[in-house]
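The structure is shown below.

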Amino acid sequence: MYVPPAYRVEDDAEAWDFVRAHPFATLAINGQDGPVLAYAPLVVHVSGPNQPVELIGHVARANPFHTTITEEGCACVAIFRGPDAYVSPSLYPSKQAHGKVVPTWSYLAAEARGHMSIVRDPALMRPFIQLGTDHMEAGRDRPWRVDDAPADFVASMERGIVGIRLVVATLTAKRKISQGKPEADYVSVQSAFAASDHTSHQQIALEMQKESQKH
């Protein structure tokens, strides 16, 4: 992922927080005939002190994605996307001053690279669904637990999935939200997005506000 210095998230904790907040990933590996993609929620997991960060999840056993992965595993990229929005030049006061403005796109994204392995034994699937369930249900008044479902039903579900584990070597996060623009242009975009009915615009406006508070 191309990340100019102004857009790079330098704080590792902030980058990982972004992944936790946007867990639905696009996974990419190299297949015999080119890139092979899959989509899956992934949970950030560290098994113990001095251990690497892992991303844990699962895909359907019927999904051919996992058949591309050998027993030795393979290189994988996991892409996490946040809000995004088109930015019109009409939002810039500088358009009226000199006209030297063009459209752009604001977005937040992260890219984890590392080694992916697969676990196909149905008897070993519980951690791959338990971790995700506990993460997604956290904060609910009455969190759903895997054991809330009948054991035979859960076992049948486990037979229908395969576990995936990505040991992360690098994580790169990007925030492209009009940094470097003149202050008047930045404030104008933030105000317009905050007043918009589009959820993505409102989310970008909040991120721009956070960015302003750093300086």
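## A partly exposed leucine

Leu 37 has a relative accessibility of 45% and therefore counts as partly exposed (buried is under 20% relative accessible area, exposed over 50%, partly exposed in between; 1.4 Å probe, protein chains only). Leu 37 belongs to strand S2, residues 34–41 (helices, H or I of at least four residues, and strands, E of at least two, are DSSP runs numbered from the N terminus).

The model is predicted: local features require pLDDT of at least 70 and side-chain atom pairs pLDDT 80 or more, while totals for chains, interfaces and linings use all residues. Residues are numbered from 1 along each chain as its sequence is written, and side-chain values use heavy atoms, leaving out hydrogens and water.

## Nonpolar cores

The largest nonpolar core has 41 residues (a core is a set of buried Ala, Val, Leu, Ile, Met, Phe, Trp, Tyr and Cys residues joined through side-chain atoms within 4.5 Å). Leu 27, Leu 42, Leu 55, Ala 78, Phe 80, Met 116 and Ile 164 touch the most other members. Strand S5, residues 74–87, contributes the most to this core, with 6 residues. Another core, of 9 residues, lies apart from it and includes Ile 129 and Val 146.

## Helix H1

In helix H1 (residues 12–21), Ala 15, Trp 16, Phe 18 and Val 19 are the buried residues. Viewed down the axis of H1, they fall within an arc of 150°, so they line one face of the helix (the arc is that of the directions from the helix axis to the C-beta atoms). Their cover includes strands S3 (43–45), S4 (54–60), S5, S6 (104–119) and S7 (161–176), with contact meaning heavy atoms within 4.5 Å.
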